[in-house]
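Welcome! Here is a short tour for anyone meeting this structure for the first time. Take a look at the sequence and the model, and then we will walk through some of its features together.

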Amino acid sequence: MVYKIVYGEVDVDSEAVLKKTIEDAKPEDFTALFKDIHVVKESYENKDAFILRRTIDSEGYFFGFGDKVGPLDRNGRRYVFWNTDNFTHHPSSDPLYKSFPFYIYISKDLTKKYGCFTDFPGYLEIDLNSKNDGTITFRSLGKGFVQYIITGKSVREIVEEYLKITGKNIAFPIWAFGYQQSRWSYFNENEVLDIARKFRKKQIPCDVIYLDIDYMEKYKVFTWSKENFPNYKKMLDTLHKDGFKVVSILDPGVKVEKGYFAFEEAKKKYFLKDNNGNDFEGAVWPGRVRFPDFMNGNVRKWWAKHSKKYLEDGIDGFWNDMNEIAIFATEKDLEEARNKLKDAKLEDGINLAGTLGSIGEIGRRGHGDDIVHLDGTAHWKIKNTYGFNMLRATSEMLQKENKRPFLISRSAYSGIQRYGGVWTGDNHSWWEHILQETIRLNSLSLAGVFYSGADIGGFGGDANAQLLIRFMQFGLFTPMFRNHSAIGTKRQEPWEFGLEVEKILKDVIGWRYKLLPYIYTQYMIGILKNKPLVRPLFYDYEKPEAFNIEDEFLFGDSILVAPIYRPNVQKRLTWLPKRAIGLFDEKMYKEGWNVSDAPIEYIPAFQLINTAIPTIEPMQYIDLSKVDKVTWKVYRKSNAIGYIYEDDGESLDYKKGNYNLKKVIVKEGYLEIKTLNNGYKIKEREWNFEIFDHKGKKTNISVVVNSDGDIVLPIE
């Protein structure tokens with residue numbers, strides 16, 4: 001159940017919550033879970049501030065908050081929600097790009113569980129017992145906020161209820177689950193085509209190639225570089241014919257330039273304002289820019305109109321960056337810098353460092369006080385929804401045309417799953433970041449975002465061969481499998497570290513395509529039933545051990561993954577909630593703690609007992625119309641269950657029931673294939689079953705399957 005508590009006076013709407021008829025409640029209704037002890041208004045930096053402090057009933061875990069660094073259990077730390085371009089993701093970095101002020105509390109004895117969503121799109125702090133005194137403190141800049149308390153018997157129920165009020169995830173196209181190659185930047189069309197040719201020549205599967213900021217004319221949004229991409233339509237056509245999709249970056253900053261169509265159309269009409277009523281200006285990649293006010297519906301339509309032209313040219317999806325809003329500097333910042341540094345000298349020592357660290361975007365200011373929206377709303381009140389509404393602009397247009405969006409955003413707020421997905425921004429080629437991305441992606445799932453990813457290999461810094469292999473093995477089991485690296489760093493394409501590494505990475509990517517039917521099935525069932533593809537162990541197994549493990553995760557119902565996140569590891573200690581078989585080595589593992597091999601060729605990943613996983617032979621790019629055979633990997637002691645889902649992979653017709661869903665049950669002596677939904681006609685295929693029992697005995701059986709009907713087949 002979801003209950004609404006209004007604290008103080010609320011004068012802004014984040015639009016995160018769709019469901020308007022939610023039962024009102026009072027804090028005293030939840031004394032079995034927490035008790036409010038301090039509610040006060042005060043002044044902070046010449047603004048109203050609202051503080052709520054409460055005690056928690058018992059010691060427990062706090063999970064959630066989406067894209068935050070640090071441990072999976074958020075207990076014992078104060079978190080800031082103020083979307084910021086913070087590019088160094090060390091363990092205490094905060095705030096980052098996104099704000100998901102939603103956490104789930106579970107008492108240590110596992111008897112008490114609830115979710116808490118503080119819907120406030122401006123500056124917010126949430127302190128989860130940082131003084132170890134059993135208190136939680138909420139502090140916002142404003143006169144009040146709305147809080148939603150979600151009760152449920154399990155973590156799963158709480159997440160499902162949260163999604164009922166903030167909205168279901170929009171499905172991504174099926175090609176979004178193929179391997180994706182990116183770099184800042186592929187600088188011209190010849191380089192892009194050369195990358196594509198190498199993938200096909202080397203027969204390394206790949207579905208998507210990205211275009212970073214250098215494809216544009218002087219970084220001007222909705223343009224192409226005449227010098228470096230003179231024949232971009234021909235390039236896109238060539239890539240499409242060879243099975244590639246192309247995703248381009250879109251930043252919100254519109255260059256101030258007389259005669260530039262986007263600027264001329266939007267000036268004094270669609271841009272955010274400063275406090276004097278003029279179009280607000282700052283500096284980003286193109287130099288002096290202005291920023292569209294995506295909170296305004298007419299602005300979103302204008303932006304979508306130009307995005308559509310890109311799509312008509314042949315771009316397949318968009319990557320929304322710099323939308324916190326990231327602003328390098330404003331005129332005010334430069335003036336302040338000049339004044340502060342006018343008399344600066346080296347003898348100032350530490351004071352000089354402090355001065356430099358307080359200037360402009362370096363000081364993480366966000367310019368909330370300097371910006372006003374077209375309807376008169378101060379930007380500091382709703383800053384955290386800027387990226388949310390930018391993504392919304394294109395997504396609304398595509399959904400009206402019955403098309404699934406491929407849209408990922410760096411900045412986000414609760415509810416963004418209705419419009420697209422996210423990636424975690426500028427990570428680094430550090431071993432520690434494999435574990436950190438494991439935590440971040442699982443936390444994003446708990447915050448309701450089911451399509452997410454990290455820059456595999458690391459964005460900043462130089463990866464070495466071993467690190468890239470381990471990062472790629474982790475990426476194999478993430479919703480968005482994208483390799484991305486920064487300008488000036490070592491390249492990270494699969495062939496960059498020699499033939500031996502190339503072979504290993506080709507096999508890793510091949511496994512992604514081999515598992516595609518399973519991945520897409522688990523993702524789409526999750527879309528329909530509000531269940532994330534990637535999730536912590538305790539989501540499915542509420543056992544004491546599961547709540548204390550952050551370096552393993554579930555990838556759908558049937559696979560448990562234990563990434564390798566330190567160099568030279570040969571063995572891995574893994575906790576399994578039930579018996580399992582090694583996905584790569586086919587060794588049997590008992591329930592509980594196990595030591596498994598972890599050679600450089602693969603990471604420990606396990607198929608849990610009593611499951612059935614559909615696989616196919618790897619293809620160069622996703623095209624299920626070419627698949628004639630499905631091989632099921634079955635591991636059973638009693639009834640093993642698996643599913644396979646298919647639809648057109650492109651439209652929103654799945655919402656109308658236009659999909660095919662089959663359930664496989666492998667029992668002692670026979671197997672059943674049941675058609676649960678027959679809204680999409682599939683081709684006739686041969687299904688082969690490789691059935692392992694819990695003692696390691698293997699049995700093979702085959703059958704031909706089409707769209708409808710049920711099958712019962714004896715197993716000898």
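Predicted model: local features only at pLDDT ≥ 70, side-chain atom pairs only at ≥ 80, totals over all residues.

In which sense do strand β26 and strand β27 pair, and over how many bridges? The pairing is antiparallel, and three bridges hold the place where residues 553-555 of β26 meet residues 559-561 of β27.

**Space inside the model**

How many cavities of 30 Å³ or more does the structure hold? There are three. The largest cavity contains about 90 Å³ of space. Its lining includes I174, L516, P517 and Y520, and also I644, Y645, E646 and R685. Two elements, α13 (516-529) and β35 (640-646), each give at least two residues to the lining of the largest cavity. By residue class, that lining has 10 nonpolar residues, two charged ones and no polar ones.

**Aromatic rings**

Searching the whole structure turns up 65 aromatic pairs. One of them joins F294 and W303 in an edge-to-face arrangement, with 5.1 Å from centre to centre and 90° between the planes. Both F294 and W303 are buried.

Most residues other than glycine have a negative phi, and most peptide bonds are trans. With that in mind, here are two residues to look at, neither of them a glycine.

| Residue | Phi |
|---|---|
| K218 | positive, about 55° |
| M322 | positive, about 60° |

Where do they sit? K218 is in the loop between β14 (208-211) and α3 (232-241), while M322 is in the loop between β19 (317-320) and α6 (331-341). Is K218 buried or exposed? K218 is exposed, because its relative accessible area is 57% and the exposed class begins over 50%. M322 is buried, because its relative accessibility is 4% and the buried class covers values under 20%.

Cis peptide bonds can be found too. The bond from D94 to P95 is cis, with omega near 0°, and P95 lies in the loop between β6 (77-81) and β7 (98-99). Another cis peptide bond joins W184 and S185, where omega is about 0°. S185 belongs to the loop between β13 (179-181) and α2 (189-201).

**A look at the cysteines**

A disulfide is a covalent bond between the sulfur atoms of two cysteines. How many disulfides are counted here? The count comes to zero, with a pair of cysteine sulfur atoms needing to lie within 2.5 Å to qualify. Are C116 and C206 buried or exposed? C116 is buried, because its relative accessible area is 0%. C206 also counts as buried, because its relative accessibility is 0%.

Key. Residues numbered from 1 in each chain as written. Heavy atoms only, no water. Buried < 20%, exposed > 50% of the residue type's maximum accessible area, 1.4 Å probe, protein only. 1 Å grid on protein atoms, 1.4 Å probe; cavity = no way out; pocket = protein on both sides within 12 Å on 5 of 7 lines; lining within 4 Å. Points joined across faces, edges and corners; volume = space filled by probe spheres on them. Helix = DSSP H or I, 4+ residues; strand = E, 2+ residues; numbered from the N terminus. Nonpolar A, V, L, I, M, F, W, Y, C, P; charged D, E, K, R; others polar. Pairing = 2+ DSSP bridges. Phe/Tyr/Trp six-rings, centres within 6.5 Å; stacked < 30°, edge-to-face > 60°.
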